[in-house]
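Please examine the sequence and the structure shown below before reading on.

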Amino acid sequence: MKMYRDYLKERLGDELVERPEGFATYRYVNDFGTLAVYIVDLYVRPDFRKTKVASDMADEIVSVAKKEGHKVLLGTVASTAKNATDSIKVLLSYGMHFFRCNQDGLVFRKEI
């Protein structure tokens, strides 16, 4: 998906982690004066869920972000999305904490 990776980077400034089991997109942001990395989307194929694929991809993103000097990991869940409760459980099990609500949903945060 190199073309999609190029599209994301050019259009949105997003980065992509891709594996046969799923993918994650992320971008660097300024979170109230703190350099942060925001996981925009994370998808794991149904047959690979509950196998640590999501946390492995998040670990990869965190590793790269820390090298760039980022201190915080952010993630969001649209409360109206299908399986939102499962997504919240994944974020909490990764050590993220509820941070705030915004118009897009619930925001979770973790120091990295």
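In this predicted model, the buried residues of helix H2 are Val53, Ala54, Met57, Ala58, Ile61, Val62 and Ala65. A residue counts as buried when its relative accessible area is under 20%. An α-helix has 3.6 residues a turn, so residues three or four places apart point the same way.

Against which strands do the buried residues of H2 pack? Their partners are strands E1, E2, E3 and E4, as listed in the table.

| Strand packed against by buried residues of H2 | Residues |
|---|---|
| E1 | 15-19 |
| E2 | 22-31 |
| E3 | 34-44 |
| E4 | 72-77 |

Helix H2 covers residues 53-67, 15 residues in total. From its first C-alpha to its last, H2 reaches 22 Å, close to the 21 Å expected at 1.5 Å a residue. After H2 comes Gly69, which has a positive phi near 90°.

The chain as a whole contains three helices and six strands, arranged along the sequence in the pattern α-β-β-β-α-β-α-β-β. Its radius of gyration is 14 Å, close to the 13 Å that the globule rule gives for 112 residues, so the chain is as compact as a globular protein of that length. The C-alpha trace spans about 35 × 30 × 25 Å along its principal axes.

Of the 112 residues, 32% count as buried. The chain exposes about 7300 Å², of which carbon and sulfur atoms supply 53%. There are 18 positive and 16 negative side chains, and the centres of these two sets lie 3 Å apart.

Terms used:
Residues are numbered from 1 along each chain as its sequence is written. This is a predicted model: local features need pLDDT of at least 70, side-chain atom pairs count only at pLDDT 80 or more; totals for chains, interfaces and linings use all residues. Side-chain values use heavy atoms; hydrogens and water are left out. Helices (H or I, at least four residues) and strands (E, at least two) are DSSP runs, numbered from the N terminus. The radius of gyration is taken over C-alpha atoms; the globule rule is 2.2 Å times the number of residues to the power 0.38. Buried means under 20% relative accessible area, exposed over 50%, partly exposed in between (1.4 Å probe, protein chains only). Accessible areas come from the Shrake-Rupley method with a 1.4 Å probe; for residues, only the protein chains shown count as cover. Lys and Arg count as positive and Asp and Glu as negative; His and the chain ends are not counted. The place of a charge is taken as NZ of Lys, CZ of Arg, CG of Asp or CD of Glu. The expected span of a helix is 1.5 Å times one less than its number of residues. Contact means heavy atoms within 4.5 Å.
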